[in-house]
Amino acid sequence: MTHVTKTAGTATETVETDAGTARITWHGAKKARLVLAVSHGAGGGIEARDLVALAEVLPAHGVTVARVEQPWRVAGKKLAPAPKTLDTGWRGIWPALAKSGLPVISGGRSAGARVACRTATELGAHAVLALSFPLHPPGKPEKSRAEELLGAGVPVLVVQGANDPFGKPEEFPGGPFELVEIPYADHGFAVPKRADISQDRAVSLITDAVVEWTGSLG
């Protein structure tokens, strides 16, 4: 069961899943050729700077953006559940994302990127966008999650901050994915005021990379 509420330029849809009620905020492209579905991390929501920027920029390039709130966020909880439950929620949301018949890029930031990678082949994702992929817990490089990234089975773009404590770009293994580094940026793509690039420039580097990558997908 779903419920849709429309406002200028966007539509909000609630979706019932086996993990609870999820919510999708749609940002439609006039002549859409792809859908980019992006979810949040374990400690934040869809108001993250990268997710907001993608929703503002991508529709003009033929990509409808769906910002997805997992059931635990909709329910007002502060801590994300176990990965298995996150995957269950994403599976339940997927039919609403795919209903247009357009190819769907499965994406997310941090924990949301892990979910996208783990479920991509199973759900028939066209590709995966991994924003701030948490390659390992901070300070624990031995606890690698590289298998999830390498096992996605579809084209993958990783966008990673140069100073991300969950995995700097140079820590990533070689593999079947593209990686774009955002200079000076941390896990939330924030850059220090003393950096050689502004915060706005850092965000535009993210959107530029995703526009180029989505344009290259068949």
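Against which elements do the buried residues of α1 pack? They pack against β3 (20-27), β4 (34-39), β5 (63-69), β6 (104-109), β7 (127-131) and α6. The structure is a predicted model, in which local features need pLDDT of at least 70 and side-chain atom pairs count only at pLDDT 80 or more, while totals for chains, interfaces and linings use all residues. Residues are numbered from 1 along each chain as its sequence is written, and side-chain values use heavy atoms, with hydrogens and water left out.

**Annotated domain**
- The UniProt annotation "domain: KANL3/Tex30 alpha/beta hydrolase-like", from an unreviewed entry, covers residues 32-213; such annotations may be inferred rather than shown by experiment.
- Residues 32-213 are 34% helix and 19% strand, and the end C-alpha atoms of this span lie 16 Å apart.
- Helices (H or I, at least four residues) and strands (E, at least two) are DSSP runs, numbered from the N terminus.

**Helices α1 and α6**
- In helix α1 (residues 49-57), Asp50, Leu51, Ala53, Leu54 and Ala55 are buried, where buried means under 20% relative accessible area, exposed over 50%, and partly exposed in between (1.4 Å probe, protein chains only).
- Threonine 214 is located in helix α6 (residues 199-216) and is buried, with a relative accessible area of 0%.
- Leaving aside neighbours within four places in sequence, threonine 214 is in contact (heavy atoms within 4.5 Å) with Arg33, Leu34, Leu58, Val63 and Ile105.

**Nonpolar cores**
- A nonpolar core is a set of buried Ala, Val, Leu, Ile, Met, Phe, Trp, Tyr and Cys residues joined through side-chain atoms within 4.5 Å.
- The largest nonpolar core has 37 residues, and those with the most contacts inside it are Ile24, Trp90, Leu97, Phe133, Leu149 and Val158; α4 gives the most to this core, with 7 residues.
- A second, separate core of 28 residues includes Val38, Leu54, Trp213 and Leu217.
- Beyond its neighbours within four places in sequence, isoleucine 24 has contacts that include Ala11, Val15, Val68, Ile93 and Leu97.

**Pocket and cavity**
- On a 1 Å grid over the protein atoms alone, a cavity is a set of points where a 1.4 Å probe fits but cannot get out, and a pocket is an open set with protein on both sides within 12 Å along at least five of seven lines; lining residues have an atom within 4 Å of a point.
- The largest pocket has a volume of about 200 Å³, a volume being the space filled by probe spheres set on the grid points, which are joined across faces, edges and corners.
- Of the 17 residues lining the largest pocket, Gly41, Ala42, Ser110, Ala111 and Pro134 are the closest to its centre.
- Helices α3 (83-98) and α4 (111-123) are the elements that give two or more residues to this lining, and α4 gives the most, with 4 residues.
- The structure holds 1 cavity of 30 Å³ or more, and about 50 Å³ of space lies in the largest cavity.
- Residues lining the largest cavity include Ser39, His40, Gln70, Trp72 and Val115; α4 gives the most to this lining, with 3 residues.

- Tyrosine 184, in the loop between β9 (178-182) and α6, has phi near 70 degrees and is partly exposed at 31% relative accessibility.
- Phenylalanine 189 is in the loop between β9 and α6; its phi is near 65 degrees, and it is buried at 0% relative accessibility.
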